[in-house]
Amino acid sequence: MALISVEDALERVLSGLSPLEVERVPIAQAHGRVLAEDLAATLTQPPFDASAMDGYAVRAADVAALPATLALIGESAAGARFDGIVGPGQTVRIFTGAPVPDGADTVVIQEDTEAFGDSVLVKAAVAGRHIRPEGQDFMEGDVLLRRGTRFGARTVMLAAAMNHAELPVRRKPRVAILSTGDEIVPPGSMIGPDQIVASVSYGIAALVDSYGGDSLDLGVARDDEGALAQFIARVADADVLVTIGGASVGERDLVADALARAGLQMDFAKVAMRPGKPAFAGRLGSTRVLGLPGNPVSAFVCAVVFLLPMLRGLLGGNASVVPQQATLASALPENGPRQGYQRATSSFADDGTRHVRVLSSQDSSLMAALAHADCLIVRAPHAPAVPEGTKVLVLPLAG
Ligand SMILES: Nc1nc2c(c(=O)[nH]1)N[C@H]1C(S)=C(S)[C@@H](COP(=O)(O)OP(=O)(O)OC[C@H]3O[C@@H](n4cnc5c(N)ncnc54)[C@H](O)[C@@H]3O)O[C@H]1N2
Ligand code: MOO
């Protein structure tokens, strides 16, 4: 059977995919969630001209000639402003974050003053210093966060500062993960002869969760259509079902058959990519299905290439991934007929240019090498051999 190109496979995976519904979450639970609407500030920050230092609010004209002695007429603290006006020859004690009183246009830091009862001697001052003007951070109505933003620590802090107690986010895509294979046992088991520890499901679950999804590990189905059918029957409310293993051509590769019996409409089977050739995708009712090959690196690469764009699409973001440019730190041989995703490590030049060195072994079972890599060099089918220094495209690996 002719292999479909990665580009066509991705187009099929994403066709008809629409963003999930919007829900509101308390800001304390927003980390990792994806913003569903552009978000505007509901206030101006700082809301008033504020002092940046502890010291004295003065009129610049009064401290043009130094030293100067001023009359202390009150105090402005954060949360308790001075309501009067600072007149000529007067000053107000002020603290960091406090509103600058009317009449004053400069703050003198306390280290440059000496206070004697009700008078303050100013020894050094710079007109206009140490005041944070109203709105310096942002203005009411400014759209500071765009839909599709995945909340991290800094954007959560900003949204809170914009005075949002709740945020409109996309429902988390529910991703059910099914491992398959008679040899697969959970980590920490007493490993019997010929058994293999389940590892892929943990990597895929971590990838899903870190991209804003909600992973559900269904466990391991034996290589038997009845067992597979039982698991498949449990995934109706998942947005995506990811299967691992049993995707190739052997008699025990039963996953696609079991899904077909459950009603899978196949979008594609087998992709011109290396690793990842046996990958398939389809739809089971409203659940999208992505069949990953069992080889751990093949599975992970397919998840980066197909699952992450699906998650982005479901979360209302831009699904397409734009590979980045990098410079080869080692030569590459001619590529074969399938699009290559070669594990590589990066170093960065002083100007920020990424230099990538391909790892010596590219076998699709090597998890230690995958964990050591930080990017995938993307090579077009039949790309010619290229020397060190050539520009290539890479997909950075997060997580
Ligand atoms: N005659 C052919 N044989 C194979 C072909 C082919 O075209 N013709 N394709 C090869 C390619 S490419 C790949 S990739 C593998 C993928 O095969 P399967 O998807 O059927 O995967 P399995 O046979 O079930 O397992 C392969 C390998 O991965 C281990 N595995 C499986 N699940 C897990 C898991 N959850 N955690 C960790 N490791 C797992 C499994 O034990 C095997 O070692 O097929 C080639 N064969
Ligand atoms: O995906 Mo197989 O991915 O070429 O080992």
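**Reading the sheet**

Modeller: Six strands form an open sheet with mixed pairing, in the order S16-S13-S17-S21-S20-S18. Strands are DSSP runs of E with at least two residues, helices are runs of H or I with at least four, and both are numbered from the N terminus. This is a predicted model, where local features need pLDDT of at least 70, side-chain atom pairs count only at pLDDT 80 or more, and totals for chains, interfaces and linings use all residues. Residues are numbered from 1 along each chain as its sequence is written, while chains are lettered from A and ligands numbered from 1 in the order in which they are written.

Biologist: Which are the edge strands?

Modeller: Strand S16 (214-221) and strand S18 (265-269), each of which pairs on one side only; pairing takes at least two DSSP bridges between two strands.

Biologist: In which sense do S17 and S21 pair?

Modeller: In general, strands pair through backbone hydrogen bonds, either parallel or antiparallel. Here S17 (240-244) and S21 (287-292) are parallel, over five bridges, and valine 240 stands opposite arginine 288 in S21.

Biologist: Which strands does helix H1 touch?

Modeller: Helix H1 (6-14) packs on the sheet against S18 and strand S20 (280-284), a contact being C-beta atoms, placed from the backbone, within 7 Å.

Note on methods:
Two residues are in contact if their C-beta atoms, placed from the backbone, lie within 7 Å. Axes are lines fitted to C-alpha atoms, for helices over the stretch in contact, and angles run from 0 to 180 degrees between N-to-C directions.
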